[in-house]
Amino acid sequence: MIELTDEMRTRIGSALDDGLPVVTSSVGPDGQPTISFYGSTQVFSADQLAIWVRARPGGLTDRIKQNPKMAFLYRNPAERIGWQFHGRAKLVEDATIAQQVYDNSPERERNSDPDREGHAILIDVDKVVARGEVLMER
């Protein structure tokens, strides 16, 4: 069962401002991984992460249409805390949920897309790993 903790919500929610942006990976149509930072990463629900993705042709939104699998890494080396989140991404079609994801993104992320031209993506978390051990699994 996946039940993301309050600590995960807090740490991921402040990761960008703390200088610890979350690293993500997705898979392109050629089968190769793409690694990116998403400062908008947030815990959306007990078993979902969310990100706001600025509009870019051929970017993440195109990749998840072909392969929805993504992984996220939060790491705070000073406190020796790290989590890997593995899951399946989907583009948000509901305008209310998209607005919520945008609004919950850090201010500097919102300032990078003031006209809301990007997209909200929800990730159904299937597994959480810490120090090589599975903490939670769907």
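**Reading the terms in this predicted model**

Q: What covers the buried residues of helix 1?
A: The cover includes strand 3 (42-45), strand 4 (48-53), strand 5 (69-76), strand 6 (81-91), strand 7 (119-130) and strand 8 (133-137). Contact here means heavy atoms within 4.5 Å. Helices (H or I, at least four residues) and strands (E, at least two) are DSSP runs, numbered from the N terminus.

Residues are numbered from 1 along each chain as its sequence is written, and side-chain values use heavy atoms, without hydrogens and water. The model is predicted: local features need pLDDT of at least 70 and side-chain atom pairs count only at pLDDT 80 or more, while totals for chains, interfaces and linings use all residues.

Q: Which residues of helix 1 (residues 6-13) are buried?
A: Met8, Arg11 and Ile12 are the buried residues of helix 1. They span an arc of only 95 degrees around the axis, so they lie on the same side of helix 1. The arc is taken from the directions that run from the helix axis to the C-beta atoms. Asp6 and Thr10 are exposed and sit on the face of helix 1 turned away from its buried side.

Q: Why does tryptophan 52 count as buried?
A: Buried means under 20% relative accessible area, exposed over 50%, and partly exposed in between (1.4 Å probe, protein chains only). Tryptophan 52 has 4% relative accessibility and therefore counts as buried. Tyrosine 102, at 8%, is buried by the same rule.

Q: How do you know that the charged end of arginine 116 sits over the ring of tyrosine 102?
A: The rule asks for NZ of Lys or CZ of Arg within 6 Å of the ring centre and within 35 degrees of the ring normal. The charged end of arginine 116 is 5.6 Å from the centre of the tyrosine 102 ring and is counted as sitting over it.

Q: Why is the contact of aspartate 47 with arginine 138 called a salt bridge?
A: A salt bridge is a side-chain nitrogen of Lys or Arg within 4 Å of a carboxyl oxygen of Asp or Glu. In aspartate 47 and arginine 138 the closest N and O atoms are 3.3 Å apart, so the pair qualifies. Aspartate 47 lies in the loop between strand 3 and strand 4 and arginine 138 in the segment after strand 8, so parts 91 residues apart in sequence are tied together.

Q: Why is aspartate 47 counted as partly exposed?
A: Its relative accessibility is 24%, so aspartate 47 counts as partly exposed. Arginine 138, with 49%, is also partly exposed.
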